[in-house]
Amino acid sequence: MDFGWNELEAELHQRTLAFSRGPLASALADSGKNSAALIRGWRLLGDHGLFATPIPEALGGLGLGAMATARAFEALGQGAGDTGFAFSAAAHLFACVMPMVEHGSPALCDALIPPLIDGRAIGANAITEAAAGSDVFALKTRAIVDGDSYVVTGEKSFVTNAPIADLFLVYASTDPSAGYMGITAFAIDRDCPGLTIGKPFSKMGLETSPIATVYLEGCRVPRRRVVGEPGTGARVFTRSMLWERSCLFAAYLGAMEHQLEATIAHAKARVQFRKPIARHQAIAHRIADMKVRLEAARLLLYRACWLRDRGDDASLEVSMAKLAVSEAAIQSGLDAIHIHGGSGFIVDTGIECALRDAIPATIFSGTSEIQRDIIARELGL
């Protein structure tokens, strides 16, 4: 394995880190949960070119692979100091844009992709349903053929970016008797008659990532808006999860790096019993564990991306990486709070936020239990 970076990849990482620490961090510091401010941050990402990273050059992208894309999102997570925003950006690119790039018709891509990569439009993935959960293909949303269109009816829950999205990648059953082979993906505009957005959820973490329910009541969708072929939605979604479980979780690596830097600085500055707490073995060992946990997760994720760029079936490696990063993020969040003591428990210091943002990482993109199931299956168990 060679994790060396060519000149373009190294420059992209450094430029993204500087951008995230500078203009983007300044914009997000003023955003809170204000949608207009979040959208301004989105436009900055588009101008920076982050969304173009894995997009083929023919569609206006940089044509880079999973490794380079992961490194860019790692820099975003490290520099911006806002995991919620990074999560929303990654969900847009990996769960909405890339499925259309890889499976959509040339005409569909030409029409929809440019504004999604330059920051003028925001995408959302709508597959989860309240009654389905981890049984992701047990969909009650139906799409019925009617002439040159499909009529889509159903309800999608926990849709990231829904309150601000312009385009939804919606999965619906077109042949219930065929099970997961009867799922079809559709690109549906926000202003499609019959599509409405529920009230944004109030969440324990990822507060700057707006999430809501999407209601579809007889939405008429032209056949040309089918992503892939009818009945191939399961394949479209599964492929998107390879992108999300690897490159999205690179943002968590960056957030953990940011957290580690802050924790080390605090341990060196905080004095107890006449010496910095960093010189107390209990604290030093806990920080050492944070570093080992981060680097082990990082290597698993890099390996998964490296294999994907080689064209290998990296299902095992991607699931191992997702599991390692998500669970490491939670444990390191607990460690950081413990080392900061009382100040780590105070919201204004920002330390506890990383733990709240990490907890859902073991739930979305397939729970830790689902990842262990995939790993066991790949091992022939």
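The tour goes from the core to one helix and then to the pockets.

Some ground rules: this is a predicted model, where local features need pLDDT of at least 70, side-chain atom pairs count only at pLDDT 80 or more, and totals for chains, interfaces and linings use all residues. Residues are numbered from 1 along each chain as its sequence is written, and side-chain values use heavy atoms, with hydrogens and water left out.

**Stop 1: the core.** Select Met100, Ile113, Tyr252 and Leu301, the residues with the most contacts inside the largest nonpolar core, which has 91 residues. (A nonpolar core is a set of buried Ala, Val, Leu, Ile, Met, Phe, Trp, Tyr and Cys residues joined through side-chain atoms within 4.5 Å; buried means under 20% relative accessible area with a 1.4 Å probe, protein chains only.) Now colour helix H6, residues 233-269, which gives the most to this core with 15 residues. (Helices are DSSP runs of H or I, at least four residues, and strands are runs of E, at least two, numbered from the N terminus.)

(Contact means heavy atoms within 4.5 Å.)

**Stop 2: helix H7.** Select 281-309. The end C-alpha atoms of H7 are 42 Å apart, which agrees with the 42 Å that its 29 residues should span at 1.5 Å a residue (the expected span is 1.5 Å times one less than the number of residues). Its buried residues include Ile283, Ile287, Met290 and Leu294. Which helices do the buried residues of H7 pack against? Show H3, H6 and H8. Just after H7, Gly311 takes a positive phi of about 90°.

**Stop 3: the largest pocket.** Centre on Thr128, Ile363, Phe364, Ser365 and Gly366, the closest to the pocket's centre among its 40 lining residues. (On a 1 Å grid over the protein atoms alone, a pocket is an open set of points where a 1.4 Å probe fits, with protein on both sides within 12 Å along at least five of seven lines; lining residues have an atom within 4 Å of a point.) About 1100 Å³ of space lies here, a volume being the space filled by probe spheres set on the points. H6 supplies the largest share of the lining, 6 residues.

**Stop 4: the second largest pocket.** Finish at Gly81, Gly350, Cys353, Ala354 and Asp357, which lie nearest the centre of this pocket. Its space is about 680 Å³.

Key:
Buried < 20%, exposed > 50% of the residue type's maximum accessible area, 1.4 Å probe, protein only.
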